[in-house]
Amino acid sequence: MATVGLTGGIGSGKSTVARLLADRGAVVIDADDVTRQLQRPGEAVYHATVERFGPEIVAATGELDRPALARLVFSDPTALADLESLTHPAVRRAVTERARASPAAAGVVLVVPLLLETGHYDVEGVVVVDCPEATAIARLQRERGMAVEDIRARLDRQLSRDERLERADMVVDNAGPPEALPPQIDRLWTWITSLAGPPS
């Protein structure tokens, strides 16, 4: 069984690629999903986050007010560093544990937006989902209703497109129409399964 990391800039289409890989038999573990689970009320990460940033990041439901937290940390590098120190180690541990506990499969795919920035995940290959920045911005405005300034604040904390491509073992070009993806995913899945070697 091979474990690979799947990353890319915000709006590149990581979730779509991960879903297509899951359709082909991959075990997909999404770091963003794990983060949301660890930030639920009652979890240690939740309590540490509220203690650091105060009640203004808590919604009326008692859950974290994610937009409020994002506005706070993306305008303050120190606050962002503090949030990452509270969150990243716990997420990394949980993702790693889930990967190790995954049932026998041809491949495990860790979807980690900051995989290359943090460098803390043990993977056998890096897959980068790529598209031009303008395409990603338009996609995020259309699909998530995000403001351009919020998108750029997130882009600024990620590696540049060129830096990601330089460090990729495989690249999925997601600049085109949806029908351009499946053939690429077939080739990618063949590569992932080849990393595991022949069956024993």
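Contact, as used in this report, means that heavy atoms lie within 4.5 Å. Under this definition Leu38 touches Glu43, Val45, Tyr46, Ala90, Val91 and Ala94, when residues up to four places away in sequence are not counted.

The structure is a predicted model, in which local features need pLDDT of at least 70 and side-chain atom pairs count only at pLDDT 80 or more, while totals for chains, interfaces and linings use all residues. Residues are numbered from 1 along each chain as its sequence is written, and side-chain values use heavy atoms, with hydrogens and water left out.

**The sheet**

Helices (H or I, at least four residues) and strands (E, at least two) are DSSP runs, numbered from the N terminus. Two strands pair if DSSP finds at least two bridges between them. An open sheet of 5 strands has the order β2-β3-β1-β4-β5, and its pairing is parallel. The edge strands, each of which pairs on one side only, are β2 (27-30) and β5 (170-173). Neighbouring strands of this sheet are turned by 25° against each other on average, direction ignored. Angles run from 0 to 180 degrees between N-to-C directions, and axes are lines fitted to C-alpha atoms, for helices over the stretch in contact.

| Strands | Sense and bridges | Opposite residues |
|---|---|---|
| β2 and β3 | parallel, 4 bridges | Val28 and Val109 |
| β1 and β4 | parallel, 4 bridges | Gly8 and Val129 |
| β4 and β5 | parallel, 4 bridges | Val129 and Val172 |

In general, strands of a sheet pair through backbone hydrogen bonds, either parallel or antiparallel.

Is β4 mostly covered or uncovered? Strand β4 is mostly covered, as 5 of its 5 residues are buried, where buried means under 20% relative accessible area, exposed over 50%, and partly exposed in between (1.4 Å probe, protein chains only). Val126, Val128 and Asp130 point one way from β4, and Val127 and Val129 point the other way. In a regular strand the side chains alternate between the two faces of the sheet.

**Helices and their contacts**

Helix α1 (residues 14-23) lies across β1 (2-8), β2, β3, β4 (126-130) and β5, and runs at about 155° to β1.

The axes of helix α2 (residues 31-38) and helix α5 (residues 77-100) come within 9 Å and cross at roughly 115°. In this contact, Ala31, Val34, Thr35, Gln37 and Leu38 of α2 meet Thr87, Ala90, Val91, Ala94, Val95 and Arg98 of α5.

Phe53 is found in helix α3 (residues 44-53). This residue is buried, with a relative accessible area of 4%. Leaving aside its neighbours within four places in sequence, Phe53 is in contact with Leu69, Leu72, Val73, Ala79, Asp82, Leu83 and Leu86. The C-alpha atoms of Phe53 and Leu83 are separated by 8.8 Å, although the two residues are 30 residues apart along the chain.

**Nonpolar cores**

A nonpolar core is a set of buried Ala, Val, Leu, Ile, Met, Phe, Trp, Tyr and Cys residues joined through side-chain atoms within 4.5 Å. The largest nonpolar core has 21 residues, and those with the most contacts inside it are Ile29, Val34, Leu38, Val91, Val95, Leu110 and Tyr121. At least two residues of this core come from each of β2, α2, α5, β3, α6 (115-118) and β4. Helix α5 gives the most to this core, with 5 residues. Apart from it lies another core, of 18 residues, among them Val4, Leu21, Val127 and Trp189.
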